[in-house]
Amino acid sequence: MKPIPLKFIKSAPGAEHLPPDVGQEIIIAGYSNVGKSSIINQVANIKDLAKCSKTPGRTQLFNVFEASPNQRMLDLPGYGFAKVPIRTQKTWLSRLHEYLASRTSLCGVVLITDIRRGLRPMDIDLAAWAFEQELPLMIVLNKSDKLSRSASAAAKRQILNTINIPDTHVILTSCLKRTGITDLSKQMKLWLKISR
Ligand code: GDP
């Protein structure tokens, strides 16, 4: 499977700074330290792609990565960042919801989690929002190398039992062992309409 040819375009403080709302766009969200940057690097097969976009202030709404002007991934760096005061987090969330309601190219949500921690409050909010909007959701259980095969399977089953989501949309990954990345890339390419 070919990597997704992503380029870092910019960090955007709000929806008004995003590239034009054309083509396909997916969101990648997850609490800090779940391995979100590592996943972006893995699907693009570029070692430090997502590192350059780690903003010190953490108040940016989006980091924009493009495969082409019609095929984008928006990384949400401020998601669940614990050190940000609750009021700032609320402003961030309401701006995110404003964005999400207005962007017609948005065609899928990828939620990255640490398999050992399951879904946390902001994950559940985002998943609920995706359902409400009838947007496809993919849940990535990363760091699966940290659990045994049976414990990993149990974590996946638990998600499938609590959320109405297709089996193919819950993916176990390990950036350390490079497992699950092909399945994840395949789904992302489908959403972004990348044919190869
Ligand atoms: P982010 O804050 O969500 O962008 O997370 P990073 O990609 O910076 O990763 C946080 C830490 O988790 C780093 O030390 C990574 O090397 C590590 N990490 C990321 N993915 C995996 C994985 O699949 N398995 C293990 N064991 N560690 C991982």
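A salt bridge, as the term is used here, is a side-chain nitrogen of Lys or Arg within 4 Å of a carboxyl oxygen of Asp or Glu. The structure on display is a predicted model, and a search of the whole of it finds six salt bridges.

With a relative accessibility of 27%, Asp 21 counts as partly exposed, whereas Arg 103, with a relative accessible area of 11%, is buried.

Next, keep Arg 72 and Glu 25 in the selection, where the two side chains form a salt bridge of 2.6 Å, again given N to O. Because Arg 72 lies in strand β4 (residues 71-75) and Glu 25 in strand β2, the pair ties together parts that are 47 residues apart in sequence. Both Arg 72 and Glu 25 are buried.

Now move to Asp 167 and Lys 156, another pair whose side chains meet in a salt bridge, at 3.8 Å from N to O. Here Asp 167 is found in the loop between α4 (149-162) and β7 (170-172), and Lys 156 in helix α4, eleven residues apart, and the pair links distant parts of the chain. Asp 167 counts as partly exposed at 47% relative accessibility; Lys 156, by comparison, counts as buried at 19% relative accessibility, the cut-off for buried being under 20% relative accessible area.

Finally, select Arg 120, which lies in the loop between β5 (106-114) and α3 (121-132). Which side chain of opposite charge is nearest to Arg 120, and how far away is it? That side chain belongs to Asp 123, at 4.7 Å, and Arg 120 is buried yet has no salt bridge; the distance may be set against the cut-off of within 4 Å that a salt bridge requires. To see what surrounds Arg 120, display Tyr 31 and Val 34 as well, the residues that Arg 120 touches when those up to four places away in sequence are not counted.

Conventions. Residues are numbered from 1 along each chain as its sequence is written. This is a predicted model: local features need pLDDT of at least 70, side-chain atom pairs count only at pLDDT 80 or more; totals for chains, interfaces and linings use all residues. Side-chain values use heavy atoms; hydrogens and water are left out. Helices (H or I, at least four residues) and strands (E, at least two) are DSSP runs, numbered from the N terminus. Buried means under 20% relative accessible area, exposed over 50%, partly exposed in between (1.4 Å probe, protein chains only). Lys and Arg count as positive and Asp and Glu as negative; His and the chain ends are not counted. Contact means heavy atoms within 4.5 Å.
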